[in-house]
Amino acid sequence: MKTKDLLRLNPDVGRKPEANSVIVIPNKKIKATVDSVKDEVVDEVVKIDTKVEDDALKVNKEELLNELKKDFVVYEVKKGDTFYSLTRFYNVSQEEMIALNPVLSEGLKVGQVIKIKPILEGEEETEVHIYEDKIDEGTSLKVALLLPFLTSENDTIDSKDLFIKSRLANIVTDFYLGSEIAIDSLRKQGINIDLNVFDTGRNSTRIKTILSENDLDNNDIIIGPLYSEEAEIVASKVNTPVVFPFYSKKQSKFSSPKLIKTSPEKKVFREELTNYIKDNFTKGNLILVGDGKSASNNSNAIIKQSLKSHDSISVVNVLKPKDGYIAKDRFLEILKPSIDNWVILTSDNNVLVADAVNSLISLPDSTHVRVFTYNKGKAFNKIANLKLAKINLTYVSDEYVNEASASTQLFNKQYVSKNNALPSFYATKGFDITYDILMRLASGNDLKSTFKEGASFRVESKFDYSNKLFGTSENNGLFIVQYNKDLSLTRLK
């Protein structure tokens, strides 16, 4: 590095430093492990942090902090922050944070500026914000929950038969039970909640009646209906925000500013994976594997164009089936031994995906393969987890559960206590959506204004809403998850 840069980083040190002077030297090639961080950087930076507090160096604190931000993700602790919220948001462990900031062994303190994690070579720090849960004193909320319970039909069916035969009954009931736990939890925190539940019936038969017989604008929020057509009807008749709780292919056509989409669009999954690969791929072999159909071909073209715009990526191979399948020999023609081979599957075809996975798990030991997908649907669910673990399948998901986390264990305990069963996917989704939306409203601020304040993490969901003043609000919160050899899952982002 140049002398002038070294002097800029160390304004209190002259051109000829005395023995035992402590100076800051940036290391762009720092490895993201606790040991290397401790060995290469921590000692120097901690000493500088201590020296900054000296009166003689206070004038240089801001400049030193700005230099620190070039090598680390830096965060100022706010009221309400916990180790759990920070580690979940930034995907680091409490131990790693304490290794970078020994003072944290005494706990978090408001106003502390702490190092979260090193910024790796070629990586840029992005501006990120954690939504801060806060409850306005004396908050009262009125909530309308619109779901197709089909009570007039289901009242005559024995519960044992109902939940065996009806998938819809399971989904609706579990979502409601999860919402109940969320409301109970918020009431215990001092929020007065008036919940009004409406049965929307089958195929929009009750929506117009509900709207004509009830003033839904008396509510602060409307959660539901379940179907996209019904959600659009409600949003066109009210001034209250309408939360659409599940994904629908038709949600991309939503335009009402009253609607809030809680499930990310499928194109966002593809963009998330493409960006992850661009941020983490350094050298090796990139192969796109599709099924030859228009949707897969379109994704291949978009991903290839995006990847090739990256400085370190010049070649992206594309592999398509011949006579309905991709022979193992065709993989071997492209895959290279002794380097990283990253294979991106852009198909949801059951046969092609299974065929490709079987070929990739039986390669020579010298050929290392890692497989990615942004569309881990039914095609992958039919493949044994052991096979997915062998290829370190890395995928994009709108859910990630850390069973060891305090929030997950608390939710599970509350749910089991009330319902004598562990929560399903839909029960957890009901909790997460209800808790997040009502917690944001409890701040006393306009709901859309809270979307500007950052992303929130609940039991298994991330809510990172786009801030569209005049359009439909969209949740873009996603995770990058990887299968490990021991069948466990690791959240990479």
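# Briefing: ring pairs and salt bridges

Lys418 counts as partly exposed, at 41% relative accessibility; buried means under 20% relative accessible area, exposed over 50%, and partly exposed in between (1.4 Å probe, protein chains only). The structure is a predicted model, in which local features need pLDDT of at least 70 and side-chain atom pairs count only at pLDDT 80 or more, while totals for chains, interfaces and linings use all residues. Residues are numbered from 1 along each chain as its sequence is written, and side-chain values use heavy atoms, with hydrogens and water left out.

**Salt bridges**

- The count comes to 11 salt bridges, each defined as a side-chain nitrogen of Lys or Arg within 4 Å of a carboxyl oxygen of Asp or Glu.
- Side chains of opposite charge can pair when their charged atoms come close.
- Lys418 and Glu180 are joined by a salt bridge of 3.7 Å, N to O. Because Lys418 belongs to helix H17 and Glu180 to helix H8 (residues 167–188), this pair ties together parts that are 238 residues apart in sequence; helices (H or I, at least four residues) and strands (E, at least two) are DSSP runs numbered from the N terminus.
- In the salt bridge between Asp436 and Arg458, the closest N and O atoms are 2.9 Å apart. Asp436 lies in helix H18 (residues 425–441) and Arg458 in the loop between strand S13 (456–457) and strand S14 (462–463), so the pair ties together parts that are 22 residues apart in sequence.
- Glu106 is exposed, with a relative accessible area of 59%, whereas Lys109 counts as partly exposed at 45% relative accessibility.

**Aromatic pairs**

- The whole structure holds 15 aromatic pairs. In one of them, the ring centres of Phe411 and Tyr415 are 5.9 Å apart and the planes stand at 55°, so this pair is tilted. Rings of Phe, Tyr and Trp (its six-membered ring) pair if their centres lie within 6.5 Å, with planes under 30 degrees apart counted as stacked, over 60 as edge-to-face and the rest as tilted.
- Both Phe411 and Tyr415 belong to helix H17 (residues 406–419), four residues apart, or about one turn of the helix. Phe411 is buried at a relative accessible area of 1%, and Tyr415 is buried at 3%.
- Phe463 and Tyr465 form a stacked pair, with 6.1 Å from centre to centre and 10° between the planes. Phe463 and Tyr465 are both buried.
- A cluster of Phe175, Phe246, Phe425 and Tyr426 is linked by ring pairs.

**Charges over rings**

- Lys266 is placed over the face of Phe269, 4.6 Å from the ring centre; the criterion is NZ of Lys or CZ of Arg within 6 Å of the ring centre and within 35 degrees of the ring normal.
- Over the ring of Tyr395 sits the charged end of Lys376, 5.1 Å from the ring's centre.

**A buried loop residue**

- Asn101 is found in the loop between helix H5 (94–100) and strand S2 (113–118). Asn101 is buried, with a relative accessible area of 5%.
- Not counting residues up to four places away in sequence, Asn101 touches Ile114 and Lys115, where contact means heavy atoms within 4.5 Å.
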